[in-house]
Amino acid sequence: MTEYDFADAHCHLDQCAGGFLPTILHITCGYSQKSNERNAHIASENANAYLCAGIAPQEAMKYPDVKIKLIEWEETIAALPKLVAIGEIGLDYHWAKTEEERFLQHECFISQLVLAEKLGLPVVVHSRDAEAHVLEILGNFNLRCMLHCFSGSAQQAQAAAAGGRAVVSIPPMRSKERRKFIRDLPLVKLLAESDAPYIGKSPSDALEAIKTIAEIKGQDAEAVKKQLLLNTISFFGIK
Ligand SMILES: [Zn+2]
């Protein structure tokens, strides 16, 4: 694994126009049945890409019959090649305004947490304006989870990581609150991501997140880069 220069713990290669480099370990992530399949195809064709597949909350709320749809979707997800995590899954109250939309997101989130448990895989969690609910639900499961692009409070990040099974993934976007939990969390609890093409333009923008972490922690950037790569390999159980 040491042939990699660094890791991008979360990107969407099916949406990226470029920046796919052989020196980066990529965890490419789907959010719908179709995008899971597109990313699975990319992962199966590239030695340095692994797959995270799931149904995102923004997708879940489009289907009043999501519970029935999930039967087929989850079967497909479980059979995809190079699957190392279930995600991105979670709750997004920024987009879900009505009770019904939030209910559909909940159903979808919980069903896939059960799936991850069954498959013995970690989860990659998206939460927006719903951090307290997401953490409460995760507390009922004994799953390794990566809080992707976490934008809750430093206190919430601390509490989740202290529980033992959560890591926090840092995007190439700075915020005051994020600065606090980067400073306070041990380096082994952190990962770096580009979330390309949504936050970073390409997976190589994970380097920006790595630099930010090194700077805030006052540690050597090369050493931080290596440690975050090891954290990514270990979290996703990449052999
Ligand atoms: Zn993403």
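Biologist: Does His12 count as buried or exposed?
Modeller: This is a predicted model, and the relative accessibility of His12 in it is 2%. The cut-off for a buried residue is under 20%. His12 therefore counts as buried.

Biologist: Which residues coordinate the zinc ion?
Modeller: The zinc ion has donor atoms at 2.1 to 2.5 Å. Two of these atoms are NE2 atoms of histidines, and the others are an OE and an OD atom. The coordinating residues are His10, His12, Glu88 and Asp195.

Biologist: How many residues apart in sequence are the parts that His12 and Glu88 tie together?
Modeller: Along the chain, the donors of the zinc ion follow the spacing H-x1-H-x75-E-x106-D. His12 belongs to the loop between strand 1 (6-11) and strand 2 (24-29), while Glu88 belongs to strand 4, so the pair links parts whose separation in sequence is 76 residues.

Biologist: What is the site of the zinc ion, going by the angles among its four donor atoms?
Modeller: Those angles run from 81 to 177 degrees. Four tetrahedral donors would ideally give 109.5 degrees. To count as tetrahedral, all angles would have to lie between 85 and 135 degrees. With its range of 81 to 177 degrees, the site of the zinc ion is irregular.

Biologist: What is the relative accessible area of Glu88?
Modeller: Glu88 gives an OE atom to the zinc ion. Glu88 is buried, because its relative accessible area is 6%.

Biologist: Which residue is the bridge partner of Ile86 in strand 5?
Modeller: Strand 4 (residues 83-92) and strand 5 run parallel and are joined by five bridges. The chain passes from strand 4 to strand 5 through helix 4 (residues 99-119) in a right-handed β-α-β crossover. Across this pairing, the partner of Ile86 is Val123.

Biologist: Which residue in strand 6 does Val125 stand opposite?
Modeller: Strand 5 (residues 123-128) has five of its six residues buried. Three bridges join strand 5 to strand 6 (residues 145-148), and these two strands run parallel. Opposite Val125 stands Leu147.

Biologist: Which residue follows helix 9?
Modeller: Helix 9 (residues 221-236) reaches 23 Å from its first C-alpha to its last, close to the expected 22 Å. Its buried residues include Val224, Leu228 and, at the end of the helix, Phe236. A residue with a positive phi, near 60 degrees, comes next: Gly237.

Conventions. Residues are numbered from 1 along each chain as its sequence is written. This is a predicted model: local features need pLDDT of at least 70, side-chain atom pairs count only at pLDDT 80 or more; totals for chains, interfaces and linings use all residues. Side-chain values use heavy atoms; hydrogens and water are left out. Helices (H or I, at least four residues) and strands (E, at least two) are DSSP runs, numbered from the N terminus. The expected span of a helix is 1.5 Å times one less than its number of residues. Buried means under 20% relative accessible area, exposed over 50%, partly exposed in between (1.4 Å probe, protein chains only). Two strands pair if DSSP finds at least two bridges between them. A crossover is right-handed if, with the strands pointing away from the viewer, the path from the first strand over the helix to the second runs clockwise. Donors are N, O and S atoms within 2.8 Å of the metal (3.2 Å for Na, K and Ca); water is not among the atoms, so sites may look incomplete. Four donors count as tetrahedral if all angles lie between 85 and 135 degrees; four count as square planar and six as octahedral if opposite donors are over 155 degrees apart and all others between 65 and 115; anything else is irregular.
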